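Here is my note on the model, point by point. Please read it with the structure open.

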Amino acid sequence: MHKQIAELEQTKYAWEQFASHAIPLIPVLTRQITTVIEQTERAALDLILKIRSISERAQKQADYAGSSARMMEPVMDVKSQAEGLASDVSQIVMAMQFQDITKQKLEHVMQPLLQMKTYMESLVANPTAPELVKALNLLEEVERSYTMETERMAHRHAMEGREHVGVPVSSSAQEEDQNVTLF
Amino acid sequence: MSQMVLVVDDSKTMRDMVTFTLTGAGYQVVQAGDGKEAVGKLSNGSKPVLVVTDLNMPEMDGLELIKEIRKMPALKFTPILMLTTESSDEKKAAGKAAGATGWIVKPFNPEQFLKILKKVLPA
């Protein structure tokens, strides 16, 4: 009996030690994530200004090429280059939207981390508190907070212990069409 | 005079990206950071030719915003495009029921986006 009590006390001590380290660490980790989000947002906004400038220059070149009748071949070459540049700008605009997509994914990681902090705090304060069940339910609903198929897939694969499968780097025109639904 | 489009998203990066695409095509853009701010901007009688809105936003989400817009007689038939990371059929059905005209999953391709605009805007 004494041995069992001693073991229970040791377990309780171990959990309290874990919680005392983990609880203060969670806000630190979420702050690190927030900093990354802010930095990438600033970088994306700077890039938008640069792209706007490039795009305006490309448009001026295309307008000039389209209006000039002299030296037709070099002019057509400039026009073709300007059109190529406009296409590249489109691809850059697409790629830059991953700042917002990454932000949302990180926020979906931060939310359960903060819920875990609340849960551990309650657990240490009163292990029999009825609110603990509610907090656990919230943790079980993590998957419901996802909005993207890539998040749902990563969650399922991780829960099943399957190997991580990377997402494709670029999307095809067919995939882009699948992303549009007109009612 | 250029036509006005209302762009609603809580991400400034996304708002600026859509604005960049639309102003390049000759549209005038008014931005709002959430549904509540968007309703405020529409309450002065301004009449956009199109509304582009995100789904998940603070204060008022995209579905609530669509419902509010559809209550405004002048905007009852204005095209509304959802632009969101959400891709589930369940949410798309909710968008359609609320009165959305179309659903685009982020990231959007600017060239494709302008083609969609031509489809949904009256000639």
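1. Which strand of chain B does strand β1 of chain A join, and in what direction do the two run? The partner is β5(B), and the two strands run antiparallel. They are joined by 3 bridges, with β1 of chain A spanning residues 180–182. Within this pairing, Thr181(A) stands opposite Trp103(B). Bear in mind that this is a predicted model.

2. Now chain A itself. It has 6 helices and 1 strand. The order along the sequence is α-α-α-α-α-α-β. Of its 183 residues, 9% are buried. Take the contacts in chain A between residues at least 6 apart in sequence: 60% of them join residues at least 24 apart.

3. The contact between the chains draws 27 residues from chain A and 30 from chain B. On the chain B side, α1, α4 (89–98), β5 (102–105) and α5 (110–120) each supply at least two residues. The largest share, 8 residues, belongs to α1(B). By class, this side of chain B has 11 nonpolar, 11 polar and 8 charged residues.

4. Next, the core. The largest nonpolar core holds 36 residues. Among those with the most contacts inside it are Leu6(B), Val8(B), Met82(B) and Ile104(B). Helix α1 of chain B (residues 12–24) gives this core its largest share, 5 residues.

5. A closer look at Leu6(B). Leaving aside residues up to four places away in sequence, Leu6(B) touches Val30(B), Ala32(B), Ala38(B), Lys41(B), Pro48(B) and Val51(B).

Notes:
Residues are numbered from 1 along each chain as its sequence is written. Chains are lettered from A and ligands numbered from 1 in the order in which they are written. This is a predicted model: local features need pLDDT of at least 70, side-chain atom pairs count only at pLDDT 80 or more; totals for chains, interfaces and linings use all residues. Helices (H or I, at least four residues) and strands (E, at least two) are DSSP runs, numbered from the N terminus. A residue is buried if 20 or more other C-beta atoms lie within 10 Å of its own, exposed if 12 or fewer, and partly exposed in between; C-beta atoms are placed from the backbone. Two residues are in contact if their C-beta atoms, placed from the backbone, lie within 7 Å. A nonpolar core is a set of buried Ala, Val, Leu, Ile, Met, Phe, Trp, Tyr and Cys residues joined through C-beta atoms within 7 Å. Ala, Val, Leu, Ile, Met, Phe, Trp, Tyr, Cys and Pro count as nonpolar, Asp, Glu, Lys and Arg as charged, and the others, Gly among them, as polar. Two strands pair if DSSP finds at least two bridges between them.
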